[in-house]
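Dear colleague,

Please find below the structure that I am handing over to you. My notes on what was found in it follow directly after.

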Amino acid sequence: MNPGLEIRTDYPLLTLNTFGINAVASRFVSLASSDDFKKLIESGLLRREPFFVLGGGSNVVFCGDYKGVIVHPVNKGIRLLSKSTGCVYVEAEAGEVWSDFVDYCIDNQWFGLENLAGIPGCVGASPVQNVGAYGKEAKDFIDRVHLFDIQTGVQLWMDASQCGFGYRWSVFKGEMKNRFLIDKVVFRLSTEFCPDLQYKALSSALSERGIDSPTARQLADTVKQVRDSKLPDPKKIGSAGSFFKNPVVSRAKAESLLEDNPDMVVFPVGDAECKLAAGWLIEQCGWKGRTIGNVGVYEKQALVLVNRGGCSGAEVKALSDAIINDVESRYGVRLECEAIFV
Ligand code: EPU
């Protein structure tokens, strides 16, 4: 191994995943700078052994000990690259905590990310997963992503247009999975604050606080408050945020379901498809608030599975499968997990 890069063995992951699952990695390496990324790739370790990149650990469920290398980017740094009329380009390193990055941008009057305030995880995960909330997604602001090719060690920039962004999706989860390590991301933000209040939960929360035209800080704080009212605090209750994606079905399917379930929650997607609220479907099947063994469905939000104390990945998988099967047999809609089983 190259000097300066410490590879730990039998490394505990308990505090590195928000579900709070007690798993151990056979090897573990933290990357504190772009130079560390380079050294790790040059070592050839990732070409010899299975590996998994662990950011904030807010979207993973370890199904047992990890027999391979856990790569954990902790590189920090936020830089203003350039400023032109109306917009700024800001570079953030992969190990920056997403929520801190959003706050930093707001403090510097770089606008756009307000609705994405309070999302757990790291900057490096934002393009992989195309994180989203309250009508905005990371893809709306990502300009380009800096990568290391694991096979060749070549460093390259990928433009947002090449990233294949979709709903909680990108090429980094699809055809380019495990091909690259992401060390930094450039965001294109605005110098003018232009709030997006289309999402009803947000506009109602603002009016409840007596705010008609919020500042960026007020908007971000309200987003955090709405999130906190629905989602468990990972410091207190283990979870992976939304465990399932909201399923997209054909308009015909949605219409036929609506005939029997007139109060079903449906959001149109283009002309031909509709997104259904997975939380609503799960709740209708009676799962909200239920617990099986050490894992349960959160009382305030059926889309979230929670650790009731010392749960294993296998228990999470069993509950998730039971919910998927139940929703499918009742509604003919197959839910997909947003969380990743490792
Ligand atoms: N609903 C229910 N029962 C529930 C939960 C939700 O009936 O138990 C209904 C709500 O009444 C609402 C609809 O489902 O009409 C949608 O619920 P909500 O607005 O709470 O959003 P969501 O679909 O549950 C998504 C994202 C969240 C994001 C919020 C806000 C996904 C998988 N999840 O949740 O993202 O914060 O919208 O934009 O798309 C995450 O990915 O970890 C995450 C938290």
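Is D103 buried or exposed? At 17% relative accessibility, D103 counts as buried, because buried means under 20% relative accessible area, exposed over 50%, and partly exposed in between (1.4 Å probe, protein chains only).

Before the details, a note on conventions. This is a predicted model, in which local features need pLDDT of at least 70 and side-chain atom pairs count only at pLDDT 80 or more, whereas totals for chains, interfaces and linings use all residues. Residues are numbered from 1 along each chain as its sequence is written, and side-chain values use heavy atoms, with hydrogens and water left out.

Salt bridges

The structure holds 21 salt bridges, a salt bridge being a side-chain nitrogen of Lys or Arg within 4 Å of a carboxyl oxygen of Asp or Glu. D103 forms one of them with K224, at 3.0 Å from N to O. D103 belongs to helix α3 and K224 to helix α6 (residues 216-230), so this pair ties together parts that lie 121 residues apart in sequence. Helices (H or I, at least four residues) and strands (E, at least two) are DSSP runs, numbered from the N terminus. K224 is partly exposed, at 21% relative accessibility. Both residues belong to a network of salt bridges that links D103, D107, R217, D221 and K224.

A further salt bridge joins K245 to E336, with the closest N and O atoms 3.6 Å apart. This pair also links distant parts of the chain: K245 sits in the loop between β13 (238-239) and β14 (248-250), and E336 in the loop between α9 (313-331) and β20 (340-341), 91 residues apart. K245 is buried, with a relative accessible area of 12%. In the salt bridge between K288 and E283, the closest N and O atoms are 3.2 Å apart; K288 is partly exposed at 29%, and E283 is partly exposed at 36%.

The sheet and its helices

An open sheet of 5 strands runs in the order β6-β7-β12-β10-β11 with antiparallel pairing, where two strands pair if DSSP finds at least two bridges between them. Its edge strands, β6 (78-84) and β11 (155-159), each pair on one side only. From one strand to the next, the twist averages 20 degrees; axes are lines fitted to C-alpha atoms, for helices over the stretch in contact, and angles run from 0 to 180 degrees between N-to-C directions. Strand β10 (residues 142-149) pairs with β11 over 5 bridges, and H146 stands opposite W157 in β11.

Helix α1 (residues 34-43) packs on this sheet, touching β10, β11 and β12 (180-190), and its direction makes about 150 degrees with that of β12. Contact here means heavy atoms within 4.5 Å. Helix α3 (residues 98-107) lies across β6, β7 (87-93) and β12, at about 30 degrees to β12.

Domains

The protein chain is divided into domain 1 (8-73), domain 2 (78-190) and domain 3 (238-341), with bounds from an automatic or database domain assignment. The centres of domain 1 and domain 2, taken over C-alpha atoms, are 21 Å apart, and their contact takes 15 residues from domain 1 and 16 residues from domain 2. Domain 1 and domain 2 bury about 1,300 Å² between them, 69% of it on carbon and sulfur atoms. Buried area is the accessible area (1.4 Å probe) that two parts lose on being put together, summed over both. F37, I41 and F51 supply 38% of the area that domain 1 buries against domain 2, more than any other three residues. The count of salt bridges between domain 1 and domain 2 is 0.

With kind regards
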